[in-house]
Amino acid sequence: QVQLVESGGELVQAGGSLRLSCAASGRTSRIYAAGWFRQAPGKEREFVAAISWSGGSTIYADSVKGRFTISRDNAKNTVYLQINALKTEDTAVYYCACVTSTGWIGIPRTRSAYDYWGQGTRVTVSS
């Protein structure tokens, strides 16, 4: 079992920045990759970014490239999502998730690949 707890979401103005954190606990040695998804009101949950737990490789959704940066601190078992130049369309609940299964080629983007999820942290961007 892996537990994930997100933090850092808040109300911010467009153009501002935020850093979201996701603290992992439990059997963190099983984590293959960790990622962020988001769900805007009335929309499906979508992939945002992910990072491999060991090597630090990253992938991003095309819609956030250049503004979002995912990173991790293995010593703290924490994954971060730095969001710059926030837009109103970034308003969503942001979820942290991790992959503990093996056999993947690269880092998965699909929700079904992620075994454990946090409760989410809300980001609201005002114009």
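A residue counts as exposed when its relative accessible area is over 50% and as buried when that area is under 20%, with partly exposed residues in between. In this predicted model, D62 has a relative accessibility of 64% and therefore counts as exposed.

**Salt bridges**

Side chains of opposite charge can pair when their charged atoms come close. A search of the whole structure finds four salt bridges, among them the following pairs.

| Side-chain pair | N to O distance |
|---|---|
| E46 and R38 | 2.6 Å |
| D90 and R38 | 2.9 Å |
| D62 and K65 | 3.2 Å |

The pairing of D90 with R38 links distant parts of the chain, since D90 sits in the loop between β8 (78-83) and β9 (92-99) while R38 belongs to strand β4 (residues 33-39), 52 residues apart. Both of these residues are buried, and for R38 the relative accessibility is 7%. E46, which also meets R38 in a salt bridge, is partly exposed, with a relative accessible area of 35%. R38, E46 and D90 are joined with R67 in a network of salt bridges.

**The surroundings of T121**

T121 lies in strand β11, which covers residues 121-126, and with a relative accessibility of 9% this threonine counts as buried. Its side chain reaches the backbone nitrogen of G9 at 2.9 Å. When residues up to four places away in sequence are left out, T121 touches E6, S7, G8 and G9, together with L20, A92, V93 and Y94.

Methods. Residues are numbered from 1 along each chain as its sequence is written. This is a predicted model: local features need pLDDT of at least 70, side-chain atom pairs count only at pLDDT 80 or more; totals for chains, interfaces and linings use all residues. Side-chain values use heavy atoms; hydrogens and water are left out. Helices (H or I, at least four residues) and strands (E, at least two) are DSSP runs, numbered from the N terminus. Buried means under 20% relative accessible area, exposed over 50%, partly exposed in between (1.4 Å probe, protein chains only). A polar contact is a pair of N or O atoms within 3.5 Å; within protein, one must be able to donate a hydrogen and the other to accept it, and residues adjacent in sequence count only if both atoms are side-chain atoms. Contact means heavy atoms within 4.5 Å.
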